[in-house]
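Hello,

My notes on it follow below.

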Amino acid sequence: MAIYLSVFIIIFSVIGICSADLSSDYYEKSCPKAMYTIKNAVANAVTNERRMGASLLRLHFHDCFVNGCDGSVLLDDTSDFTGEKSAKPNSNSLRGFDVIDKIKSQIEKLCPGIVSCADIVAVAARDSVVLLGGPSWTVELGRRDSTTASLDTANSDIPSPLLDLDDLITNFANKGFTAKEMVALSGGHTIGKAQCTTFRQRVYNETNIDSSLATSLKSNCPSTGGDDTLSSLDATTPVLFDNHFYKNLVNNKGILHSDQQLYSGGSTDAQVKIYSTHPITFDADFAKAMVKLGNLSPLTGTNGQIRTNCRKIN
């Protein structure tokens, strides 16, 4: 037991998970209307386009998996600076930047220089999930914004939809997550859409896919061309945050190769099965994993800055 505990401590010290300087009431006195402002803006955006909820959740994930939850994903490229937006997992697919810009603009009018872009992204992700019927969780606050970004890390650390199970487990373990937490976080794919290019190989080359689903997907995703055409990750309830993602996997109806790998005769089958029949368990585990995700390597104290414009360094 002592050996396992030591390994656990070493892993967490290496990846820099630290929430000691974060608190749920961080803005209670300095910007008391911040949380309401974010919630209201997200509600308007998601009401206008339900898919935006999934996009804001994905934005948070892609931010946190690259050197921590520091708002680096929001930075635009300039003549002498390359951000993360052009990374393969983000280019032409990551969305929600305009929503974050709008929220930031509203909050800057209320309390300039106080609320970080990184915190806005974290809260917007939580509020999006709740609006689409999913669980809530307490978002720890007080992150500061990065003054750098890493295109290379975005390309290497954000998990590819083509990964096999062992590589998925390793990818998430590198960020301090267990296989169970990885399966729970993958449930975020109960909402949102995927581009044809991310699942073409599965639809045309793999056998562990429901035949009717494959036929349906092929009609919208030709073997050549149409790379950017979209299909729902959960065709059953595409704009509801529920456990149908796991029910789909049990029936070989996972859209992405990496998703179906979670239920493919491997070590995570049992966890997928549990979530497919116990939605309350899934909600609770997803919420816990999201808190952990939000605590990945935050910049606090005098590190980083509070950007005035989320797209550029002050």
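The accessible surface of the chain comes to about 14,200 Å², by the Shrake-Rupley method with a 1.4 Å probe, where for residues only the protein chains shown count as cover. Carbon and sulfur atoms hold 53% of that surface.

Before the rest, some notes on conventions. This is a predicted model, in which local features need pLDDT of at least 70 and side-chain atom pairs count only at pLDDT 80 or more, while totals for chains, interfaces and linings use all residues. Residues are numbered from 1 along each chain as its sequence is written, and side-chain values use heavy atoms, with hydrogens and water left out.

Overall build

The chain has 14 helices and two strands; helices (H or I, at least four residues) and strands (E, at least two) are DSSP runs, numbered from the N terminus. Its radius of gyration is 19 Å, close to the 20 Å that the globule rule gives for 314 residues, so the chain is as compact as a globular protein of that length. That radius is taken over C-alpha atoms, and the globule rule is 2.2 Å times the number of residues to the power 0.38. The C-alpha trace spans about 55 × 50 × 40 Å along its principal axes.

Of the 314 residues, 51% count as buried. Buried means under 20% relative accessible area, exposed means over 50%, and partly exposed lies in between (1.4 Å probe, protein chains only). Taking contacts between residues at least 6 apart in sequence, 76% join residues at least 24 apart; a contact means heavy atoms within 4.5 Å.

There are 29 positive and 33 negative charges, and their mean positions are 5 Å apart. Lys and Arg count as positive and Asp and Glu as negative, while His and the chain ends are not counted. Each charge is placed at NZ of Lys, CZ of Arg, CG of Asp or CD of Glu.

The UniProt record

In an unreviewed entry, UniProt lists residues 21-314 for "domain: Plant heme peroxidase family profile". Its positions are given in the numbering used here, feature names are shortened, and annotations may be inferred rather than shown by experiment. Over residues 21-314 the chain is 47% helix and 2% strand, with the end C-alpha atoms 23 Å apart.

Helix H8 and its cover

Helix H8 covers residues 179-186, and its buried residues are Met182, Val183, Ala184, Leu185 and Ser186. What covers them includes helix H7 (165-173), helix H11 (244-250), helix H13 (269-277) and helix H14 (279-294).

Leaving aside neighbours within four places in sequence, Asn248 is in contact with Asp234, Ala235, Thr236, Lys253 and Gly254. Between Asn248 and Cys196 there are 52 places in sequence and 18 Å in space, C-alpha to C-alpha.

The loop between H3 and H4

This loop joins helix H3 (51-64) and helix H4 (97-110), and Asn67 has its place there. Asn67 is not a glycine, yet its phi is positive, about 60 degrees. Most residues other than glycine have a negative phi. With a relative accessible area of 43%, Asn67 is partly exposed.

Asn90 is found in the loop between H3 and H4 and is buried, at 3% relative accessibility. Not counting residues up to four places away in sequence, Asn90 touches His62, Val73, Glu84, Lys85, Ala154 and Ile158. For one of these, Val73, the C-alpha atom is 8.9 Å from that of Asn90, at 17 residues along the chain.

Gly96 also has its place in this loop, and at 7% relative accessibility it counts as buried. Beyond residues up to four places away in sequence, Gly96 touches Met52, Leu56 and Leu59.

The segment after H14

Ser297 is found in the segment after H14. Its phi is near 40 degrees, a positive value in a residue other than glycine, and Ser297 counts as partly exposed at 22% relative accessibility.

Lys312 touches Leu75 and Arg307, not counting residues up to four places away in sequence. The C-alpha atoms of Lys312 and Tyr246 are separated by 39 Å, at 66 residues apart along the chain.

Regards
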